[in-house]
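Biologist: Could you take me through this one before I start using it? I'd like to begin with the overall picture and then go into a few places in detail.

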Amino acid sequence: MSEVPTPEAPGESGGVQISDAVVAKIAHQAVLQVEGVHGLGASSLGVFSGLRGDKGTQGVSVDLRDDLVDVDVHVVVECGANIPEVGEACRSAVKQQVEAATGMTVRAVNVVVTDIHFPEQAPADAE
């Protein structure tokens, strides 16, 4: 996990570091609140994060460099939703919430639609 130190003000000691896992959790929650998102899909990094014990960030990967954030999210969209609109709403929500919570600049949010969720068909009534 990479951490980006926040610059210290002159005359102060110590600092604040925000882990990429924290940014990933913020992004994860932001995407789940977008209408039309069924859930987050697994990226290739999701398998490894699960093995490391990371919870609540499946489908999200974060790259922090020099107070800039790049986020990749892998989403499952509900059937009937406009996929480009859902993707843009995900990008906007992640950018807004990560920047508001961390003070970092989100340089890019890449949304990959990995699946579409079709509602379950109701079982036929047994008579």
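Modeller: Gladly, and one term comes first: a contact here means heavy atoms within 4.5 Å. Please also keep in mind throughout that this is a predicted model.

Biologist: What about burial, what percentage of the residues count as buried?

Modeller: The chain has 127 residues, of which 35% count as buried. As for the surface, the chain exposes about 7,900 Å², and carbon and sulfur atoms supply 51% of that area.

Biologist: Let's go to the helices. How do α1 and α3 pack?

Modeller: A pair of packed helices is described by the angle between the axes and the distance between them. Helix α1, residues 20-32, packs against helix α3, residues 83-102, at an angle of about 140°, and the axes are 8 Å apart.

Biologist: Why is that oblique?

Modeller: Roughly antiparallel is kept for angles over 145 degrees and roughly perpendicular for 65 to 115, so α1 and α3 are classed as oblique to each other. The crossing of α1 and α3 is right-handed.

Biologist: Which residues meet there?

Modeller: From α1 there are V23, I26, A27, A30 and V31, and on the α3 side they meet C90, A93, V94, Q97, V98, A101 and T102. By class, that contact consists of 10 nonpolar and 2 polar residues, with no charged ones.

Biologist: Take T102 out of that list. Is T102 buried or exposed?

Modeller: T102, which lies in helix α3, is buried, with a relative accessible area of 16%. Setting aside the neighbours within four places in sequence, T102 is in contact with I18, V23 and I26. For I26 in particular, the C-alpha atoms of T102 and I26 are separated by 9.4 Å, although the two residues are 76 apart along the chain.

Biologist: And A101, buried or exposed?

Modeller: A101 is also placed in helix α3, but A101 is exposed, with a relative accessible area of 52%. The cut-off matters for that label, because exposed means over 50% relative accessible area. A101 and V22 are 79 residues apart in sequence, and their C-alpha atoms are 9.9 Å apart in space.

Biologist: Switching to the strands, where does S61 lie?

Modeller: S61 lies in strand β4 and counts as buried, at 12% relative accessibility.

Biologist: D20 is an aspartate, so is D20 buried or exposed?

Modeller: D20 is buried, with a relative accessible area of 11%, and the place of D20 is in helix α1.

Biologist: Last topic, backbone angles. What is the phi of D66?

Modeller: Phi of D66 is near 50°, which is a positive value in a residue other than glycine. D66 is found in the loop between β4, residues 60-65, and β5, residues 68-78. D66 is exposed, with a relative accessible area of 73%.

Biologist: And what about D67, what is the phi there?

Modeller: D67 has a positive phi of about 65°, although D67 is not a glycine either. The place of D67 is in the loop between β4 and β5, where D67 is partly exposed, with a relative accessible area of 33%.

Notes:
Residues are numbered from 1 along each chain as its sequence is written. This is a predicted model: local features need pLDDT of at least 70, side-chain atom pairs count only at pLDDT 80 or more; totals for chains, interfaces and linings use all residues. Side-chain values use heavy atoms; hydrogens and water are left out. Buried means under 20% relative accessible area, exposed over 50%, partly exposed in between (1.4 Å probe, protein chains only). Accessible areas come from the Shrake-Rupley method with a 1.4 Å probe; for residues, only the protein chains shown count as cover. Axes are lines fitted to C-alpha atoms, for helices over the stretch in contact, and angles run from 0 to 180 degrees between N-to-C directions. Helices (H or I, at least four residues) and strands (E, at least two) are DSSP runs, numbered from the N terminus. Angles under 35 degrees count as roughly parallel, over 145 as roughly antiparallel, 65 to 115 as roughly perpendicular and the rest as oblique. A crossing is left-handed if the near helix is turned anticlockwise from the far one by less than a right angle, and right-handed if clockwise. Ala, Val, Leu, Ile, Met, Phe, Trp, Tyr, Cys and Pro count as nonpolar, Asp, Glu, Lys and Arg as charged, and the others, Gly among them, as polar.
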